[in-house]
Amino acid sequence: MNSETSLIMVFISLAIVNNLVLIKFLGICPYLGVSKRVDMAFGMGCAVTFVITISGTVTWLINNLILQKIGMGYLKYIAFIMVIASMVQLVEMYVRKFFPSLYESFGIFLPLITTNCAILGTCLFIDLWDFTFLQAVVASFGGGLGFTLVICMMGGIREHLEWADVPKALKGAGITLITAGIMTLAFMGFSGMI
Amino acid sequence: MICSGTIVLHNILAGFSISSIGIAGVTLLAVGMVFVIILTIANAKLKVQQDPTVEAIMNILPGANCGGCGLAGCGAYAEAVVKDHGLMGKCGPGGEATVGEIAAILGIEAEASAPVRAVVHCSAKTDDQINTVIYHGVKSCAEAQMVEGVIDCPYGCLGFGDCADACEFAAIDIDQGLAIIKYDNCVGCGACVQTCPRRLIELLPMREDPLMIIACSSLDKAKNVRGYCKVGCVGCRLCVKLAPNMFRMEQSLAVIDYEKYSDKEERDKAQQKCPRSLMIYVGKKSES
């Protein structure tokens, strides 16, 4: 397998086959919390994609060039969290400056990207699967895009659900979780593709 | 025992070496410093210019986000009041102190504004009502309002306390089928006004404390009022004769014109003469 094919494989693997939300069950909190409207979901997806991509890249560099070299692999959790927190701060400043209305609608979920396990999860998967640098960049970007794809799909479905005749007992969180479950079943169809 | 314990401790300590702890610390410190520098630069470049007056006003507002001002919350109110100074007196929970502080921040004189408070235009407790039926339905004003003749008075307080439930500040008590405002708690947010299906509660500026109100809303003629209530306004016009400036008639109901609310002597005379003792004083300093 040459390197380009492997990059494409890594991308599809993280974006669809091993989708962070639906297959790895990471980052469920913003997935359910910020998916009421497609535009908000897309904004959240973009923010998470940005943070994952930068964090995945930077953590690979820190892990492989510093921590592994000096035999301090056990520091990676602390170092990764530090990278992610800093990146989220950066995104928060950026969004506040250029998209004030988006900043308002995100509310607490924007700073909460810091504790979004999808991001730390991706960084740790990249370490676990021994990716090369390029693969790490592509994998983290793919993971972010996969998150965006799924949260936007969820946003679209929930916009339609507003008008649907949902039984009273299932209104709100109930039907959303059922929807999420059915989406997971659909994504299971991709497993074994790679 | 002591000996083996010491050996275990010694083995644990041997696992650490001072230098490795040092390297770990320095590494994390170095990585952290890099991000500190990046974030400091970003903070300087991406600083949001927020109007300092808005921030200052936001800080002195009570932060109850009650929406009494008619805006989405304290943040929205702070922004609006900077643009439109006329909104200054709208903050019910803050009261006059807040108005003064906002005025100081905006650099203008605050005109004496009276805070609005809720008043109930009914004084008929269960014993004062003359009812032909007894209602055993759902204990909610909104539901009871659907029933014809739940109490005989079509205007009076139903007393199931929808207003008390709506009040965020525990400022309404139901006493023998009548809503009583506790002025120590009331902030004038108007949640009760929205809730009352009979529109009995009104927000009035408390020009004076205590403030005189007419505790009845019945527009019916005397004959009907006497039929269903022992304390309702019968429209005898005595108050209008005694204090023609302050009182006026609205169908068969006396109402106070608060624009001309001034002459204490006149209104006290009217209060004494009123055959139904309808004029009551409400407010923090009222006796009841």
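Visitor: Where do I begin with confidence, and which elements of chain B have the lowest and the highest mean pLDDT?

Guide: Start with the general idea: where pLDDT is low, the predicted coordinates should not be read in detail. Here, chain B averages a pLDDT of 82, and 91% of its residues score at least 70. Among the elements of chain B, helix α1 (residues 2–15) has the lowest mean, 61, while strand β3 (residues 178–181) has the highest, 91. For the complex, the predictor gives an ipTM of 0.73 and a pTM of 0.53.

Visitor: Thanks. What is the secondary structure of chain A?

Guide: Chain A has 8 helices and 0 strands. Its pattern along the sequence reads α-α-α-α-α-α-α-α. Of the 194 residues in chain A, 38% are buried. Now look at sequence separation: among contacts in chain A with a separation of 6 or more, 80% join residues 24 or more positions apart.

Visitor: Let's take a pair of helices. How do α1 and α7 of chain A pack?

Guide: Look at the angle and the distance between the axes. Helix α1 (residues 3–17) and helix α7 (residues 133–161) of chain A pack at about 30°, with axes 7 Å apart. Angles under 35 degrees count as roughly parallel, so α1(A) and α7(A) are roughly parallel to each other. Their crossing is right-handed. On the α1(A) side the contact includes A:L7, A:V10, A:F11 and A:L14, and on the α7(A) side it includes A:V138, A:G142, A:G143 and A:G146. The residues of this contact divide into 11 nonpolar, 5 polar and no charged.

Visitor: And what is the angle between α3 and α4 of chain A?

Guide: Helix α3 (residues 38–67) and helix α4 (residues 76–98) of chain A pack at about 145°, and their axes lie 9 Å apart. The crossing of α3(A) and α4(A) is right-handed. Residues of α3(A) in the contact include A:F50, A:V51, A:I54 and A:V58, and those of α4(A) include A:F80, A:V83, A:I84 and A:M87. By class, this contact has 15 nonpolar, 3 polar and 1 charged residues. A:K76 of α4(A) is one of the residues that make the contact.

Visitor: Now the interface. How many residues of chain B are in contact with chain A?

Guide: In chain B, 13 residues are in contact with 15 residues of chain A. The side of chain B that touches chain A has 10 nonpolar, 3 polar and no charged residues.

Visitor: One last topic, the backbone. Which value of phi does B:R199 have?

Guide: In general, most residues other than glycine have a negative phi. B:R199 has a phi near 55°, a positive value in a residue other than glycine. B:R199 sits in the loop between α8 (191–195) and β4 (201–205) of chain B.

Visitor: Is B:R199 buried or exposed?

Guide: Count the C-beta atoms around the residue. B:R199 has 11 other C-beta atoms within 10 Å, and 12 or fewer counts as exposed, so B:R199 is exposed.

Visitor: Where does B:R237 lie?

Guide: B:R237 lies in the loop between α9 (222–228) and α10 (238–242) of chain B. The phi of B:R237 is near 70°, again a positive value in a residue other than glycine. With 14 other C-beta atoms within 10 Å, B:R237 is partly exposed.

Conventions:
Residues are numbered from 1 along each chain as its sequence is written. Chains are lettered from A and ligands numbered from 1 in the order in which they are written. This is a predicted model: local features need pLDDT of at least 70, side-chain atom pairs count only at pLDDT 80 or more; totals for chains, interfaces and linings use all residues. Axes are lines fitted to C-alpha atoms, for helices over the stretch in contact, and angles run from 0 to 180 degrees between N-to-C directions. Helices (H or I, at least four residues) and strands (E, at least two) are DSSP runs, numbered from the N terminus. A crossing is left-handed if the near helix is turned anticlockwise from the far one by less than a right angle, and right-handed if clockwise. Two residues are in contact if their C-beta atoms, placed from the backbone, lie within 7 Å. Ala, Val, Leu, Ile, Met, Phe, Trp, Tyr, Cys and Pro count as nonpolar, Asp, Glu, Lys and Arg as charged, and the others, Gly among them, as polar. pLDDT is the predictor's confidence in each residue, from 0 to 100. A residue is buried if 20 or more other C-beta atoms lie within 10 Å of its own, exposed if 12 or fewer, and partly exposed in between; C-beta atoms are placed from the backbone. Angles under 35 degrees count as roughly parallel, over 145 as roughly antiparallel, 65 to 115 as roughly perpendicular and the rest as oblique.
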